[in-house]
Amino acid sequence: MTSPGRRWVPPVFAAMLAGAAACASSQSSSPGNPRFLVGEPYSLGGVWSYPREAHGLEESGLVAVLPDGRRGRPTANGEAYDPAALMAAHRTLQLPSVVRVWNLDTGREVRVRVNDRGPERPGRVIGLSRRAAELLGVRPDEPARVRIAVDAEASRIASAGLPGAEGPRLAIASAPIAAVEREQLAPPPGTRAAAGGGNIAGSRPAMASPAGEVPAPPTGPPARLPEDVVQRGTVPSRLFVDAGAFFRRDLAERRAAAVGGAAEAVGPGRQPQYRVRVGPFVSAGEADRALEAALRRAIPDARIVLD
């Protein structure tokens, strides 16, 4: 089986999809003219990605710092990129989206505005602007372990009123956040600590109308997210390469043998799934090499995950 966001495409269709992706990119390359965008399938870093709306997406893995520091270049959905703002790139999320990024190594969490495609390197779950990386304590040469979660309500508000959005967005109750141990550490220079619990200052819900519709935001440039940092505490984690999931044990064991991993049953019920994983790995470099080996074996849905 393949993941919902990335999968192998027969070569006969690859050129057609590449052309469609190029057309979609050219239609959204006007800086300062943002629009709501899901987009066509595209290939980046040797892996095909399939954008989709996913307001409940949660992922874990390694983060990348975006190398392009050129201010004002157009992002995938037509916004102007600013490396000094809290911006990010994701391979499949709807654009724009607001995502919480929690650095498990430093315990810091910030919200970023996802408005571009990437990162280019496979095995990276999200790409961060220079400023977002600084606030989270992420160095370009040291991949950090992160958990990301879409802020569904903020994402719908961010896209309301943009060309391409499908009508009014409805207010959605935020999912409860599990309690975590918090450390009393000073925020990075130039920021302010978020007040209260796990909610980030400036992320309060918009006032909804009696019909439940969120009012459209004012017209103009996208709102700049505040540099509010939540200190959630550090969490130990291990690196694995996820090589797919199967309903048949024999297929899972065949895949595990091909990648040098193990198949384990996951999920309740009479028909469990069998997840294939390789690892754990001590370093990001080891995980990267295992991922590259899986991709060479024509397992395009392989990815680096945390456990």
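Two residues are in contact here when heavy atoms lie within 4.5 Å. The model you see is predicted, so local features need pLDDT of at least 70 and side-chain atom pairs pLDDT 80 or more, while totals for chains, interfaces and linings use all residues. Residues are numbered from 1 along each chain as its sequence is written, and side-chain values use heavy atoms, leaving out hydrogens and water.

Let's start with Arg-277, found in strand 13 (strands are DSSP runs of E, at least two residues; helices are runs of H or I, at least four; both are numbered from the N terminus). Arg-277 counts as buried because its relative accessibility is 11% (buried is under 20% relative accessible area, exposed over 50%, partly exposed in between, with a 1.4 Å probe and protein chains only).

| Residue | Touches (heavy atoms within 4.5 Å) |
|---|---|
| Arg-277 | Phe-240, Val-241, Asp-242, Gly-261, Ala-262, Glu-264, Asp-307 |
| Leu-128 | Val-63, Ala-64, Val-65, Leu-66, Met-87, Ala-88, Val-101, Val-112, Ala-133, Leu-136 |

Leu-128 is among the residues with the most contacts inside the largest nonpolar core, which has 31 residues (such a core is a set of buried Ala, Val, Leu, Ile, Met, Phe, Trp, Tyr and Cys residues joined through side-chain atoms within 4.5 Å). Helix 2 gives the most to this core, with 4 residues. Apart from it lies another core of 23 residues, including Ala-284 and Ala-294.

Both of those alanines are among the buried residues of helix 5. Strand 13 (273–281) is one of the elements covering the buried residues of helix 5. Just after helix 5, Ala-298 takes a positive phi of about 60 degrees.

Note on methods:
Lists of a residue's contacts leave out its neighbours within four places in sequence.
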